[in-house]
Amino acid sequence: KVHDTRIFRNSGLFRWLQEGIYFPDQKITVGDVEMPIVILGDPAYPLMPWLMKPYTGTLDSDKELFNYRLSKCRMVVECAFGRLKGRWRSLLTRSDLSETNISIVIAACCVLHNLCESKGETFMAGWEVEANRLATDYAQPDTQAIRRSQRDVLRIREALKTSFQTDQGNQ
C-alpha cells in the first residue's frame, strides 16, 4: 500500500532518468528549447526535465489547453493499462513472487496482451469494469504532490505549452 510516486522515486527507472542514462543523447527541440524525451505523470509526480505533469492552481486558457493535451496523451496509456489489468486480473492482487520475477511476469502479461490485441482476440468490456472495481480494494493512499520549481523544468513545460498552441502541437 505504498503510493506509486514513492515506488517510482525509489526505482531504478527514476535513477536512470535522473542520471540521464535511460534516454542518453536523445533530445528534441520544441520552439527554442532543447529537452530530453519526457514521460508523463499526474499531479502527484515531481516536475522534472524528463517528467511532465499538469499545471495546478489557477489556470489561464493556455495552461488549461496544455493540461488537456497532456491528459489526452495520458489517457491512451491509462486505457492500455485498464485493458491489460482487465485481461490479466492477477496484476490487481498482491503477488508473492520475488522482486526479480515480478517484472518478468508483468512483461510477459504485456507481450501476451499485445499478441491478443494484434490477433483480434475478444476483449470483454465487463473485464475492465470488473478490474476497476477490484482495483479499489487496492487503492493507493493519498499523498500531497511533490512541488519543485526548477528553472529548466519550467522552461520545458512552457515550451511544450506554447507548442500546444500551434497546429504542430495538434499532432
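Analyst: What follows starts with the chain as a whole, goes on to the charged residues, and ends with other places on the chain.

The model is predicted. Its mean pLDDT is 81, and 86% of the residues reach at least 70. Strand β4 (residues 51-52) has the highest confidence in the chain, at 92, while helix α5 (residues 125-135) has the lowest, at a mean of 74. Over residues 140-149 the pLDDT stays under 50, and the model has 21 contacts for this stretch beyond four places in sequence. Where pLDDT is low, predicted coordinates should not be read in detail.

The chain holds six helices and four strands, in the order α-α-β-β-β-β-α-α-α-α along the sequence. Of its 171 residues, 27% are buried. Taking contacts between residues at least 6 apart in sequence, 66% join residues at least 24 apart. The chain exposes about 11500 Å², with 54% of that supplied by carbon and sulfur atoms.

Now the charged pairs. Side chains of opposite charge can pair when their charged atoms come close. The count of salt bridges is four. One of them is between the side chains of E117 and R83, at 2.7 Å from N to O. E117 is in helix α4 (residues 99-118) and R83 is in helix α3, so this pair ties together parts that are 34 residues apart in sequence. E117 is partly exposed, because its relative accessibility is 32%. R83 is also partly exposed, with a relative accessible area of 28%.

E117 also forms a salt bridge with R87, at 3.0 Å from N to O. Here too E117 is in helix α4 and the arginine in helix α3, so the pair ties together parts that are 30 residues apart in sequence. Through shared partners, the salt bridges join R83, R87 and E117 into one network.

The side chain of R87 makes a polar contact of 3.1 Å with the side chain of H113, and another, of 3.0 Å, with the side chain of E117. Leaving aside residues up to four places away in sequence, R87 touches H113, C116, E117, E121, T122, F123 and W127.

A further salt bridge joins E78 and R74, whose closest N and O atoms are 4.0 Å apart. Both of these residues lie in helix α3, four residues apart, which is about one turn of the helix. E78 is partly exposed, with 43% relative accessibility.

Two other places complete the picture. A125 is in helix α5 and is exposed, with a relative accessible area of 60%. The C-alpha atoms of A125 and G86 are separated by 8.5 Å, although the two residues are 39 apart along the chain. Elsewhere, L13, W16, I21 and Y22 make a nonpolar surface patch of about 380 Å². Y22 is in the loop between α2 (12-19) and β1 (27-30), and is partly exposed at a relative accessible area of 42%.

Conventions:
Residues numbered from 1 in each chain as written. Predicted model: local features only at pLDDT ≥ 70, side-chain atom pairs only at ≥ 80, totals over all residues. Heavy atoms only, no water. Patch = residues over 30% accessible without salt bridge, like charges linked within 9 Å, V, L, I, M, F, W, Y side chains within 5 Å. Areas by Shrake-Rupley, 256 points an atom, 1.4 Å probe, with all protein chains shown as cover. Helix = DSSP H or I, 4+ residues; strand = E, 2+ residues; numbered from the N terminus. Buried < 20%, exposed > 50% of the residue type's maximum accessible area, 1.4 Å probe, protein only. pLDDT = per-residue confidence, 0-100. Contact = heavy atoms within 4.5 Å. Polar contact = N/O pair within 3.5 Å; in protein donor to acceptor, adjacent residues only side chain to side chain.
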